[in-house]
Amino acid sequence: MIKDKNISPVQVTTSPQARIEGSVIIIFSILTAWVFVPDTTPFAVASHYARYIAIGITLSLLFEVAVMGLGRVIRADCVCLVVFYALSYLEFLFDQPELNQASTLSQTQGACALFNLGFVSMVISRHFWPTKRIIVSNEKSQRISFKVLLAAFWIAFALGFFHVFWAVDFNPIRAIEEMMRPRFSQSWGRGRLGDWNALLVELGLLIYLIPPLFGALLALRRSIPTIHLMLTTPVFIFTLFYGFSSGTRNIFGIYAITFFVAYLINLERLRWGRVILFSLAVLGVTALASFHMLEFRNMGLKKYLEDEAYQDEALRDTLFIDFNLRYLGVVQEVFPERYDYLGFEVLVWAIVKPIPRAIWPGKPEGLSVSIEEATNVEQMSVATTWVGESFLAFGRVGVVATGLTIGLICGFWNRRGSQYASPMQKIIFASGFFAAALSMRSVFWFTTALLPTIALISGDLIYRRFAARNRRSKRVRSKPSFTLPSDSQ
């Protein structure tokens, strides 16, 4: 701490950044896996890479925790690496015999090569932002009132769920009943192209702010009256149920990630015991929810519970994510053999996607060649992560360029986050993990996922300007007034 009679108390720190040694461990694990990869079956290849890269990422994170401490590993690049691994390889740590029938050996080898290229690009570019010496102010005037956090929480709840309650005439019981229906059958769902009413649905993005805001409130619970936690906890549980009943695992996973990060970074002190127990609890709930969400997402939660399908022996007995590797293997074979690379069309679509069609009626409906068309899949959506989407644009060059860009953005966000001192600013940092995590599944959703964070930043700036103006006016009113003696005196 630096103290001076003319300087406010400040804390000198450096921007968090990955250690070179940690990145070397990950790259070394990928190269080692490539050298010793078996040439037998598709599943043998996928599980081989899954084991080696899991060991590399785990050892890298453990090394950074041991050297720098747990707090400096809560970074956007770490979240991206973990989520990207979960989407690409995690399911192949478990038995997946279906892959041998669904993919050829050459398709699996090509898909693994692209995934590994993406990993290496991200790992390298996260070092492009040099470490910066940062001074963080600890002034009480910069510590935002918990009342502002509560206001942001209730605004996010009111606006985020407005389209839901509007569709059910503000009947919460009916809202819960519709949530338990099969996916896409709810009355508040938007059409494929959207209209002016769809603008209300777009406000639903504010729901993603509820978990990080509640995580911060929970971490600061000693400074907050108990009544406020009693009121906000049911709303948080309702939000989790909303995400769970949707059957969309990435929604629930993002709720868990942003809640977890906001809770940790707002704790006054990170204690290993508490962090480990809390981590296991969040991971366990997320894993259990994800398993059941996969089973009921087509039939709906209500029928799933009524039929006790969770007790059926026919339930999947292994982990299933999305089989992104399978579809990526097909994509890398048909481009550019059957279809030309889409070039900047992919980038343009990613940028304009959040623009409402009500404002831009001529907005494109999608890519000229979709991933579903390229993989010959009908009546279902296909995911290939950001790697597949980048490959559509420019092939392997596109994968490298996108990986480098993701690492650069993560480095920038880590540096910005290290300058945040108030709880609200830390929530802004945690909310950015929504865009980071979701973009691992699809880069097309990156710009849309940024909107809640932009809303928080805008609200924080407005509040700060309003508070500063009030402080200036109070100082002016509190100045003592002097009257000059009259001539008669």
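Colleague: Which are the buried residues of α10?
Modeller: First, a caution: this is a predicted model. The buried residues of α10 are Ile-210, Pro-211, Pro-212, Leu-213, Phe-214, Gly-215, Ala-216, Leu-217 and Ala-219. Helix α10 spans residues 210-219, and nine of its 10 residues are buried, so the rest of the structure largely encloses it.

Colleague: What do the buried residues of α10 pack against?
Modeller: Four helices: α6, α11 (226-245), α12 (249-265) and α20.

Colleague: How do I read a nonpolar core? Which residues have the most contacts inside the largest one?
Modeller: The general idea comes first. In soluble globular proteins, nonpolar side chains tend to be buried together. Here the largest nonpolar core has 123 residues. Tyr-89, Phe-119, Phe-161, Leu-325, Phe-335 and Met-440 have the most contacts inside it. Helix α20 (residues 423-441) contributes the most to this core, with 12 residues. Another core, of eight residues, lies apart from it; Phe-244, Ala-289, Met-293 and Leu-301 are among its members.

Colleague: What is Phe-335 in contact with, leaving aside its neighbours within four places in sequence?
Modeller: Phe-335 touches Asp-340, Tyr-341, Leu-342, Val-369, Ala-374, Phe-391 and Leu-392.

Colleague: Now the aromatic pairs. How many does a search of the whole structure find?
Modeller: It finds 36. A pair of aromatic rings is described by the distance of the centres and the angle of the planes. Take Trp-154 and Phe-157: their ring centres are 6.1 Å apart and their planes stand at 80°, so this pair is edge-to-face. Both residues sit in helix α6 (residues 146-160), three residues apart, about one turn of the helix. Trp-166 and Phe-170 have ring centres 6.5 Å apart and planes at 85°, so they too are edge-to-face.

Colleague: Which residues do ring pairs link into a cluster?
Modeller: Tyr-49, Phe-84, Tyr-85, Tyr-89, Phe-115, Phe-119 and Trp-386.

Colleague: What lies over the face of Trp-445?
Modeller: Lys-353, at 4.4 Å from the ring centre.

Colleague: Last, cavities. How many of 30 Å³ or more does the structure hold?
Modeller: Rolling a probe the size of a water molecule over the atoms shows where empty space is left. The structure holds two such cavities.

Note on methods
Residues are numbered from 1 along each chain as its sequence is written. This is a predicted model: local features need pLDDT of at least 70, side-chain atom pairs count only at pLDDT 80 or more; totals for chains, interfaces and linings use all residues. Side-chain values use heavy atoms; hydrogens and water are left out. A nonpolar core is a set of buried Ala, Val, Leu, Ile, Met, Phe, Trp, Tyr and Cys residues joined through side-chain atoms within 4.5 Å. Buried means under 20% relative accessible area, exposed over 50%, partly exposed in between (1.4 Å probe, protein chains only). Helices (H or I, at least four residues) and strands (E, at least two) are DSSP runs, numbered from the N terminus. Contact means heavy atoms within 4.5 Å. Rings of Phe, Tyr and Trp (its six-membered ring) pair if their centres lie within 6.5 Å; planes under 30 degrees apart count as stacked, over 60 as edge-to-face and the rest as tilted. A charge sits over a ring if NZ of Lys or CZ of Arg is within 6 Å of the ring centre and within 35 degrees of the ring normal. On a 1 Å grid over the protein atoms alone, a cavity is a set of points where a 1.4 Å probe fits but cannot get out, and a pocket is an open set with protein on both sides within 12 Å along at least five of seven lines; lining residues have an atom within 4 Å of a point. Grid points are joined across faces, edges and corners, and a volume is the space filled by probe spheres set on the points.
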